[in-house]
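Here is a friendly walk through a two-chain model, written for someone who likes to know which geometric criteria sit behind each word. Please keep the viewer open as you read.

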Amino acid sequence: MALQKTASGKVDKRTKEYKEMVERAKKARAAQKKAKSKPTIKKSTSAAKRRSDGKLDQRTKAGKEAAARMAKARKAKGSLKNRIKRLFK
Amino acid sequence: MKTDKKVLASFLAAAVWADGEYDEFEKEFVTDLAGELEIKDLDDVINKEIAATEKMDEDAIADYLESAAKKVASGEGEGILTLCLQLMCADAFLATDEVENFFAFAEILGIDEEEASTILDEYVDEEEDLIIED
C-alpha cells in the first residue's frame, strides 16, 4: 500500500487507505458473524509469508527503526504509564 | 489492575498470534507493561499462554478467550483491549488481520464496535510512527 505523508513527513494514518482498511476489517467481521455465531481469531502465518515475498526487509529495516522510535517515545512520554493509570486505576 | 495475570496474558498471547511473531519489540513492550503493572513474570505467563494456544485452531482460541473474558474484572475490558492493540502495534505495523482480531477481541470482551473503533482511531492518531500495512 502506498502510504501518504503528512506535511511534517509522518505517515498520515487518517487517510483513505487507513479508513478503507478498518472498513474491510469490519466487513470481514460482519461476514464471519453471519457465517457463525462465535468470533474468529485469526492465527496468521504472514510473518512467514513476508519472508517469501520480500516484505520482511521492510519489517527489519524501516519497521525496526519505527518500532524503536515508538518504544523510545513510549518511555519518554510515559504514555504507557498514563494509559494504565487511566484505564485501570 | 484487578484482572488475573493469566487472563490478561491469554488475550495478549492471542494478540501475538495475529502476526505470528512474538518479536523483540513486542517483548520490550511486555517488559515495560510488566513493570507498570508490577507483574514480574508477565513474559513467562504470556509464553505459557502462547504455548497453550499454539496447537489450537481459530475457533478453539475464540472459545478459550470467551472463557477468559468471563474472568475479566468489571470495567477492565477496555483496558485489556487497548493493551492488546498496543502489543499488536509494538512492531510498528498494523495490518488488516490485526484489526480484524482487534474487533474480535472487542466482541469477546463485550465492547461494542463503535467504542472499539474510537479506541483504535485514538490510538492510531497518537502513534505517529505506526505503519499501516495492507
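This is a predicted model: local features need pLDDT of at least 70, side-chain atom pairs count only at pLDDT 80 or more; totals for chains, interfaces and linings use all residues.

Residues are numbered from 1 along each chain as its sequence is written, while chains are lettered from A and ligands numbered from 1 in the order in which they are written.

Two packed helices are described by the angle between their axes and the distance between the axes. Here helices (H or I, at least four residues) and strands (E, at least two) are DSSP runs, numbered from the N terminus. Axes are lines fitted to C-alpha atoms, for helices over the stretch in contact, and angles run from 0 to 180 degrees between N-to-C directions.

| Helix pair | Angle | Axis distance |
|---|---|---|
| α6(B) and α7(B) | about 130° | 10 Å |
| α5(B) and α7(B) | roughly 40° | within 11 Å |
| α1(B) and α4(B) | roughly 150° | within 9 Å |

Angles under 35 degrees count as roughly parallel, over 145 as roughly antiparallel, 65 to 115 as roughly perpendicular and the rest as oblique. A crossing is left-handed if the near helix is turned anticlockwise from the far one by less than a right angle, and right-handed if clockwise. Residues are in contact if their C-beta atoms, placed from the backbone, lie within 7 Å. For residue classes, Ala, Val, Leu, Ile, Met, Phe, Trp, Tyr, Cys and Pro count as nonpolar, Asp, Glu, Lys and Arg as charged, and the others, Gly among them, as polar.

Take α6 (residues 96-108) and α7 (residues 113-126) of chain B, which pack at an angle of about 130°. That angle makes α6(B) oblique to α7(B), and their crossing is right-handed. On the α6(B) side, F102(B), F103(B) and A106(B) meet E113(B), A116(B) and L120(B) of α7(B). This contact has 5 nonpolar, no polar and 1 charged residues.

Helix α7(B) also packs with α5(B), their axes crossing at roughly 40°, so α5(B) is oblique to α7(B). This crossing is right-handed. E78(B), L81(B), T82(B) and L85(B) of α5(B) make the contact with A116(B), I119(B), L120(B) and Y123(B) of α7(B). By class, there are 6 nonpolar, 1 polar and 1 charged residues in the contact.

For α1(B) and α4(B), the axes cross at roughly 150°, and the two helices are therefore roughly antiparallel to each other. Their crossing is left-handed. V7(B), S10(B), F11(B) and A14(B) of α1(B) touch I61(B), Y64(B), L65(B) and A68(B) of α4(B). The contact holds 7 nonpolar, 1 polar and no charged residues.

**The core**

A residue is buried if 20 or more other C-beta atoms lie within 10 Å of its own, exposed if 12 or fewer, and partly exposed in between, with C-beta atoms placed from the backbone. A nonpolar core is a set of buried Ala, Val, Leu, Ile, Met, Phe, Trp, Tyr and Cys residues joined through C-beta atoms within 7 Å.

Which residues touch the most other members of the largest nonpolar core? Of its 58 residues, they are F11(B), L12(B), C84(B) and F102(B). Helix α1 (residues 5-17) of chain B gives the largest share of this core, 10 residues. Leaving out residues up to four places away in sequence, F102(B) touches C84(B), L85(B), M88(B), A116(B) and L120(B).

A116(B), found in helix α7 of chain B, counts as buried because it has 23 C-beta neighbours inside 10 Å. With the sequence neighbours up to four places away not counted, A116(B) touches L81(B), F102(B), F103(B), A106(B) and I111(B).

**Where the chains meet**

Chain A follows the pattern α-α-α-α along its sequence, and buried residues make up 20% of its 89 residues. The contact between the chains takes 48 residues from chain B and 40 residues from chain A. On the side of chain B that touches chain A, α6(B) supplies the largest share, 9 residues. The residues of that side divide into 23 nonpolar, 5 polar and 20 charged.

**Two positive phi angles**

E38(B) is not a glycine, yet has a positive phi of about 60°. It is found in the loop between α2 and α3 (42-53) of chain B, and counts as exposed because it has 8 C-beta neighbours inside 10 Å. A92(B), also not a glycine, has a positive phi of about 80°. A92(B) lies in the loop between α5 and β1 of chain B, and with 22 C-beta neighbours inside 10 Å counts as buried.

Conventions: Two residues are in contact if their C-beta atoms, placed from the backbone, lie within 7 Å.
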